[in-house]
Amino acid sequence: MVFCSDCFRNLEIKAIIEERGIEGDCSICGSKQAKIYDTDIDLTLIGIFDNLLSAYTAEDDLPSDYPKEELRTIVDAVRNEWDIFADISDVDVSNILKTLSPTILEDYPVIFEKKVGIPEKYDKEYLQSHSILRTEKWDDFVESIKHKNRFHTDLIDKDLLKKYCLDISKKIPITKQRFYRGRVAKNADGFPPSEMGAPPQEYASNGRANSAGISRLYLTDNKETTFHEIRAAEYDYVSVGTFKQLKEITVVDLKQIHKISPFGVDVDCTSLAINREHLLKINQEMSKPMRSGDSPLDYLPTQYICDFVMSITDEDGNTVFDGIEYQSAMHSRGSNFAIFNPENFKCTYSRTFEVTKLRYTKELLSKQK
Ligand SMILES: [Zn+2]
């Protein structure tokens, strides 16, 4: 079977194929002069999916109370739960999996014929020691931290959460890249740079990444995103501060969760599959726009996670992370940053704009007579 590096999104597989360096056209994804891999002459990738596919059990072998709505084909599972393949057909994905996993195809062929699931997802004993949220779901954690125990919850497995935070850590060196923060201003003069940074502690109100009284700096990597994030209205004056970075920082990059590779050495794919869901939920919660009707209690779960990330230390007792990076829910091209130590950035100048036009896109939800 012949495929190419463009058939994949997973960086490890792409790198292996690109290293082989054979140029040709790919009949699967249609790429011309791509780096081609022929399974008849190169065995490097044979077995690469074995560990991942072994995390799945065919439906006949699953516990009888396994939720039916969670069952899916192995192709759907690999496609939806892991960002491995580019936009190639399900048949091609199936053929690639079978060709690269001859042992599984021989020993457990039913995995390619029947629907599959991960039994450990509902195995309380397994979850207790392998899930960030132990045996609970995110909503249970939310309920608990809001209404039961705020500061000493034992619902989170902190060692495991720390491990995953380290897996998705990212260094951001000082470069020419600039960061931005927007504020709605009262008039066309806007705010000077000295008023574009994080608020003084006594004025810091509750946010997704900070409790009231704790001042953190919220930045984006894209000027346009600031307008979306503050949800500027038509004719608003908006001051946008441009920030430069004063030191190299390390962040937990929640956007990388789906990129945690199942092909690394010693990766426990079952545990990773279970925790990816929780981590994606954290990213989603961080990205949720704040609304005026929100209760401060709604921000507690992400505040807890952010405070925990800030508390992570290395073996010498030094803090590891300077902030968290997460997807902007308001503007898909932008990344947001919650920076723990605002003094790592300096606002060099601010510009004030007027929002002259807004375009609304809408979707009909109901009609009444
Ligand atoms: Zn291809």
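This report walks through a predicted model of a protein chain with a zinc ion.

Residues are numbered from 1 along each chain as its sequence is written, and side-chain values use heavy atoms, with hydrogens and water left out. Local features need pLDDT of at least 70 and side-chain atom pairs count only at pLDDT 80 or more, while totals for chains, interfaces and linings use all residues.

**The chain as a whole**

The secondary structure comes to 12 helices and 13 strands; these are DSSP runs numbered from the N terminus, with helices (H or I) having at least four residues and strands (E) at least two. Along the principal axes, the C-alpha atoms fill a box of roughly 70 × 65 × 55 Å. Of the 369 residues, 44% count as buried (buried is under 20% relative accessible area, exposed is over 50%, partly exposed is in between, using a 1.4 Å probe and protein chains only).

Take the contacts (heavy atoms within 4.5 Å) with a separation of 6 or more: residues 24 or more positions apart account for 73% of them. The chain exposes about 19,800 Å², and carbon and sulfur atoms supply 48% of that; the areas come from the Shrake-Rupley method with a 1.4 Å probe, and for residues only the protein chains shown count as cover.

**The zinc site**

Now for the metal. Cys4, Cys7, Cys26 and Cys29 each give their SG as a donor to the zinc ion, lying 2.3 Å from it. A donor here is an N, O or S atom within 2.8 Å of the metal (3.2 Å for Na, K and Ca), and since water is not among the atoms, sites may look incomplete. Along the chain, the donors follow the spacing C-x2-C-x18-C-x2-C. Cys7 sits in the loop between β1 (2-4) and α1 (11-20), and Cys29 in the loop between β2 (22-24) and β3 (34-38), so the pair ties together parts that are 22 residues apart in sequence.

The 4 donor atoms subtend angles of 98 to 123° around the zinc ion, so the arrangement is tetrahedral (four donors count as that if all angles lie between 85 and 135 degrees). For reference, the ideal angle for four tetrahedral donors is 109.5 degrees.

**Picked residues and their exposure**

Here are some residues with their relative accessible areas.

| Residue | Relative accessible area | Class |
|---|---|---|
| Cys7 | 0% | buried |
| Cys29 | 30% | partly exposed |
| Gln33 | 62% | exposed |
| Tyr235 | 55% | exposed |
| Ala338 | 0% | buried |

Gln33 isn't a glycine, yet has a positive phi of about 45°; you'll find Gln33 in the loop between β2 and β3. Tyr235, not a glycine either, has a positive phi of about 70° and lies in the loop between α10 (223-229) and β9 (237-245).

Ala338 belongs to strand β12 (residues 335-339). Leaving aside neighbours within four places in sequence, Ala338 is in contact with Ala209, Leu217, Tyr218, Asp322, Gly323, Ile324 and Tyr326.

Helix α3 (residues 74-81) has Ile74, Val75, Ala77, Val78 and Glu81 buried. Their cover includes α2 (50-53), α4 (90-100), α6 (110-113), β5 (116-117) and α11 (269-287).

In helix α8 (residues 138-147), the buried residues are Trp138, Phe141, Val142, Ser144, Ile145 and Lys146. What covers them includes α11 and α12 (300-311).

Methods. Tetrahedral: all angles 85-135°; square planar, octahedral: opposite > 155°, others 65-115°.
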